[in-house]
Amino acid sequence: KGLGRNTEWKILDMRGVDILLGKVMDYGPVLVVSFRVQQLKVVRDALGKIIEGGDEHIETVHYIWAVCRDQSVFDPSAAWRVLEFGAQSASTQWV
C-alpha cells in the first residue's frame, strides 16, 4: 500500500505441485514445495483507478515455498508457517 497503491491478486488455477525436500529441523519439520499458478494482478491508485494489470491480465507465476510445522499450534490446518518463498513470473497463459 505504499504511495497510496493497493495491489490485489486472485489465483485462477494451480498446477505442478511438487514437494522438493522434506527435512526435520530443530524447530520442526520443514517442506520445500514448488508450484505454478495463473493469477490476476491488479494495482490501483489511491482513487481506485487501475494503473497496472486488470481482469484481462493473466500471468503465470512459479513459486517455491519453504514451510515449517509450528509445534505450538495443534490445529493441523493452521499449523504451517511460510519460512521463505520465491516467485518468478512467466508469460505463458494456460486457462
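Mentor: Gln-39 stands opposite Glu-59 in S3, where two strands pair if DSSP finds at least two bridges between them. The model is a predicted one, in which local features need pLDDT of at least 70 and side-chain atom pairs count only at pLDDT 80 or more, while totals for chains, interfaces and linings use all residues. Residues are numbered from 1 along each chain as its sequence is written, and side-chain values use heavy atoms, with hydrogens and water left out.

Gln-39 itself has its place in strand S2; strands here are DSSP runs of E with at least two residues, and helices are runs of H or I with at least four, numbered from the N terminus. With 3% relative accessibility, Gln-39 counts as buried, a word that stands for under 20% relative accessible area, whereas exposed stands for over 50% and partly exposed for values in between, computed with a 1.4 Å probe on protein chains only. Once its neighbours within four places in sequence are set aside, Gln-39 is in contact with residues that include Trp-9, Ile-11, His-57, Glu-59, Val-61 and Tyr-63, contact being heavy atoms within 4.5 Å. The side chains of Gln-39 and Tyr-63 are also joined by a polar contact of 3.3 Å, that is, a pair of N or O atoms within 3.5 Å, of which, within protein, one must be able to donate a hydrogen and the other to accept it, and residues adjacent in sequence count only if both atoms are side-chain atoms.

In S2, 12 of the 17 residues are buried, so the strand is largely enclosed by the rest of the structure. S2 and S3 pair in the antiparallel sense over 14 bridges, and Gln-38 stands opposite Thr-60 in S3. With S1, strand S2 pairs in the antiparallel sense over 16 bridges; Ile-19 has Val-33 in S2 as its bridge partner, and S1 and S2 form a hairpin with 2 residues between them.

These pairings belong to an open sheet of 4 strands, in the order S1-S2-S3-S4 and with antiparallel pairing. Strand S1 (6-25) and strand S4 (80-90) stand at the edges with a single partner strand each, so one side of each is left without a neighbour in the sheet. On average, and with direction ignored, neighbouring strands of this sheet are turned by 20° against each other; axes are lines fitted to C-alpha atoms, for helices over the stretch in contact, and angles run from 0 to 180 degrees between N-to-C directions.

The structure holds 2 aromatic pairs. Phe-35 and Tyr-63 have ring centres 5.4 Å apart and planes at 25°, so this pair is stacked. Since Phe-35 lies in strand S2 (residues 28-44) and Tyr-63 in strand S3 (residues 50-69), the pair ties together parts that are 28 residues apart in sequence. The rings of Phe-35 and Trp-65 have their centres 5.3 Å apart and their planes at 80°, so that pair is edge-to-face. The terms rest on these cut-offs: rings of Phe, Tyr and Trp (its six-membered ring) pair if their centres lie within 6.5 Å, with planes under 30 degrees apart counted as stacked, over 60 as edge-to-face and the rest as tilted. Phe-35, at 9% relative accessibility, counts as buried, as does Tyr-63 at 16%, whereas Trp-65, at 32%, counts as partly exposed.

Phe-35 and Tyr-63 also belong, with Val-33, Val-37 and Val-61, to the largest nonpolar core, 5 residues in all. S2 and S3 are the elements that give two or more residues to this core, and S2 gives the most, with 3 residues. Such a core is a set of buried Ala, Val, Leu, Ile, Met, Phe, Trp, Tyr and Cys residues joined through side-chain atoms within 4.5 Å. In soluble globular proteins, nonpolar side chains tend to be buried together. Beyond its neighbours within four places in sequence, Tyr-63 is in contact with Val-33, Phe-35, Val-37 and Gln-39, among others.

The loop between S2 and S3 holds Lys-49, which at 57% relative accessibility counts as exposed. In this hairpin, with 5 residues between the strands, Gly-48 takes a positive phi near 90°.
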